[in-house]
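Work through the exercises below with the model open. Try each task before reading its solution.

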Amino acid sequence: MSAPDEQICTLISPLDMHIHFREGAMLRTVAPLSARDFAGGVIMPNLVPPVDNLERLLRYRAEIEAAISGMGFTPYMTLFFRAYSEAELRAVRPHIIGVKLYPAGVTTHSEAGVQNIRDAEPTLEIMEDLGIPLLVHGETSGFVLDREREFLPIYAHLARRFPRLTIVMEHITTREAVALLDEYPNLYATITLHHLQITLDDVAGGLLQPHLFCKPIAKRPEDRAALLRAALAPHPKVMFGSDSAPHPVSAKEAAACAAGVFSAPVALPLLVEIFAQHDALDRLQAFISDNAQRIYGVTPPHKKVILQRKPWTVPQRYGDVTPYYAGRTVEWQVVQTML
Ligand code: NCD
Ligand code: ZN
């Protein structure tokens, strides 16, 4: 029998530093699920068309705010990378936490992304001068298991070429990416929940699991182990970012399955479960909020989130989206939030 205090976990202002909220009915379904458990999150700009100008960004933020009003959640907005002028970036800067760069065609709605990283450099120079962080989907278009590893020299090049630019390697999946954090002072990373738990075997080792298919694809057990070590420490340069990426069931359970794992409704309880299993609950606050606040220099709303060890079964659907862990038992649940 464990002591009563081992059944409760209190977190202050948890943050999800990489989320896809989409628009319209999907946004209204998924955004409140993040806003319920988190005090803020970084909202990805890969809409169709992308969020690549101030007017679209402000309209998108208003749509998000309407869906989560009063829930104590700050949407930290991002702009989709393209060649921007200094005037454009100066105007948008007070409204964004960073600019998200997608190499063209590597993931969902990234067709408008960057063709050649050299072409990005004039804009990156302005971002460095203005102190705007760069968030990167770091994959090449090479062999699927090698895409992140092949991109690491580009991260290294950017980190050297723009030493004052804060660069966030989004959703890292390899042990080599973890190691790169210690090579360059201006490199940081987000780590998802699912990459702490699954490998390629879980996706494609048995019957194909479309709801675990995402970009970057889950890798080898050694990679997962390195990510878990970095999260549990936590490495001071890593932050939690779920990469929760909802797609309708019809797009996932299809001959051409869309990439994305929808983890928003289970993210916080499962992270508590993982940290509890490793006897590391006292280190979750840094991974889930404090590191991100320090790295980005943000102060989210004060939100006390109390979880209790109290098993529940994850629903099969939220709207027309199948969540991560659908039908499975999660040991912990949020029992109270206080603003
Ligand atoms: C994301 C999406 O669906 O928008 N998909 C994914 O597999 N992670 C895009 C992304 O972050 O790559
Ligand atoms: Zn993403």
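Helices (H or I, at least four residues) and strands (E, at least two) are DSSP runs, numbered from the N terminus. This is a predicted model, in which local features need pLDDT of at least 70, side-chain atom pairs count only at pLDDT 80 or more, and totals for chains, interfaces and linings use all residues. Residues are numbered from 1 along each chain as its sequence is written, chains are lettered from A and ligands numbered from 1 in the order in which they are written, and side-chain values use heavy atoms, without hydrogens and water.

**Exercise 1. Cis peptide bonds**

Task: Find the loop that holds Pro49, then state which residue a cis peptide bond joins to Pro49.

Solution: 
1. Pro49 is in the loop between strand S3 (40-43) and helix H2 (54-68).
2. The cis bond joins Val48 to Pro49, with omega about -10 degrees.
3. Lys215 and Pro216 are also joined by a cis bond, with omega about -10 degrees.
4. Pro216 sits in the loop between helix H8 (200-204) and helix H9 (221-232).
5. Most peptide bonds are trans.

**Exercise 2. Ligand 1**

Task: Describe the surroundings of ligand 1 and list its polar contacts.

Solution: 
1. Ligand 1 is surrounded by 15 residues (a heavy atom within 4 Å). The closest are Arg22, Asn46, Thr107, Lys215 and Asp243.
2. By class, three are nonpolar, nine polar and three charged.
3. Look for polar contacts (N or O pairs within 3.5 Å; within protein, one atom must be able to donate a hydrogen and the other to accept it, and residues adjacent in sequence count only if both atoms are side-chain atoms).
4. Thr107 places a polar side-chain atom 2.6 Å from a ligand 1 oxygen.
5. The side chain of Asp243 has an N or O atom 2.8 Å from a ligand 1 nitrogen.
6. The side chain of His247 has an N or O atom 2.9 Å from a ligand 1 oxygen.
7. On its own, ligand 1 has 310 Å² of accessible area (Shrake-Rupley, 1.4 Å probe), and the protein covers 100% of that.

Key: Ala, Val, Leu, Ile, Met, Phe, Trp, Tyr, Cys and Pro count as nonpolar, Asp, Glu, Lys and Arg as charged, and the others, Gly among them, as polar.
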